[in-house]
Amino acid sequence: MRCPLLVGVAVAAVVAMAAGEVAVLTKDNFKPLVLDATSGVGWIVDFYAPWCGHCKKLEPELDAAAAQLRGKTEVKFGKVDCTVEKDLAKEYNIQGYPTIKFFRDGSASEYQHGRGKDDLVEFAKTMSKPAVQPLKALSSSHASDPYFVYSGDIASPAYKLFTKVARQFQARNLSFFSSESNQHPALMTRVMLGAKDISTPVDPSSALADLVAWVDGNKRPYLSELGLQNFRELVTQPVRLVMAALDPTDKGFADMKKKLHDVAVSHDGQLVFSWIDSTRWNHWLQKQFNIDGKKPAMVVYDYNSERHWPAKDGTLATAESITKFLKDVADNKIEFVGPSVYNPAYVLRQFVQNFTLTPTAALKVIGCVTAVITTVWVVIIIFKRVLPQKPKAQGKEE
């Protein structure tokens, strides 16, 4: 009886897709439709709860994107009601609603872009393009910094492996190119502004996971554009974030960005450097840092402590003034904006963020608590025995 039901659910989902609708995904049809999808087909899946306000706002955007792209891309749209499909929610570690994930080739990646219809449409179109472009297209395309180039026989198994690596990172806005050559073994080279090119061999015996790990470890540029897709990755680094709020339409934008990049190269590993579009993120910048976006601004931001150090107007004018500002922050010559170290909420947050409950740590905590309780109990017993007892009242003799 299970097979006819499974077929019926799958058929209903396919009919919904054909009508340009968002398919309802369940534990019965998730694997055949999403995980076992034809090669090249991807899925944008919304994990939601019916009572969630943000989910209700996302629903019409998702519907509109699916309708607009009907039959135009290799990307489908689906949704999972996590209050019903609890096993799917657990399997994909859904912690909040809505959570959007992108599925392709049987694996999932986080969707870290905007949630409006236009954002979803743009992402779907991008993911429908080839993950690898010919190197000759580099001059006419918007390449990421860094980008990765394959050198070797493009008809070989090694190139197919390189393509699989590229597909793993396509959702994260990394650019991959290919150059036909007699290079053997084939090479994958990272090209990054301000850094020496580095390469790793690619051959059929290479493990996909190893190549993915190599790209992952070498993908961050000296200067990143801060956005939804990389916000958490950049702000949770063990060092502070330098953030310049710039208007890309400003005539001095390119010059300021170059100066900031040069300073970033000289501070490699000491700080994370980024710039953010001050026109697009004006509301957040105003609320978080009191930056109005009308002129270039810069802060050093410590996400974990919720503190930031604002730079004076004109700091971005020269590399020297940027460097001096960073040194003054490091030397505690600039006052931070944010909670004091004596604020109880700050102390508690720092403890929670830095405490990892391993089995060893758990035993230590239990041991410390037990020792404190035992000590207090012993002290109470001693004081009761050592302190003189209050004399009892004697009755009067008659």
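In what sense do strand E2 and strand E4 pair, and over how many bridges? Strand E2 covers residues 42-48, and strand E4 covers residues 99-104. The two pair in the antiparallel sense, over six bridges. The model is a predicted one.

Now place that pair in its sheet. Five strands form an open sheet in the order E1-E3-E2-E4-E5. The pairing is mixed. Strands of a sheet pair through backbone hydrogen bonds, and these pairings can be parallel or antiparallel. In the order, E2 stands between E3 and E4. The edges belong to strand E1 (23-24) and strand E5 (107-110), each of which pairs on one side only.

Helices come next. Helix H3, residues 53-68, packs on the sheet. Its contacts there are with E2, with strand E3 (75-81) and with E4. The directions of H3 and E3 make about 155°. Helix H5, residues 117-128, lies across E2, E3 and E4 as well. H5 runs at about 125° to E3.

Step back to the whole protein chain. Its secondary structure comprises 13 helices and 15 strands. The chain has 398 residues, and 39% of them count as buried. Among contacts with a separation of 6 or more, 70% join residues 24 or more positions apart. The exposed surface comes to about 23800 Å². Carbon and sulfur atoms supply 57% of that area.

Terms used: Residues numbered from 1 in each chain as written. Predicted model: local features only at pLDDT ≥ 70, side-chain atom pairs only at ≥ 80, totals over all residues. Heavy atoms only, no water. Helix = DSSP H or I, 4+ residues; strand = E, 2+ residues; numbered from the N terminus. Buried < 20%, exposed > 50% of the residue type's maximum accessible area, 1.4 Å probe, protein only. Contact = heavy atoms within 4.5 Å. Areas by Shrake-Rupley, 256 points an atom, 1.4 Å probe, with all protein chains shown as cover. Pairing = 2+ DSSP bridges. Axes fitted to C-alpha atoms, helices over the stretch in contact; angles between N-to-C directions.
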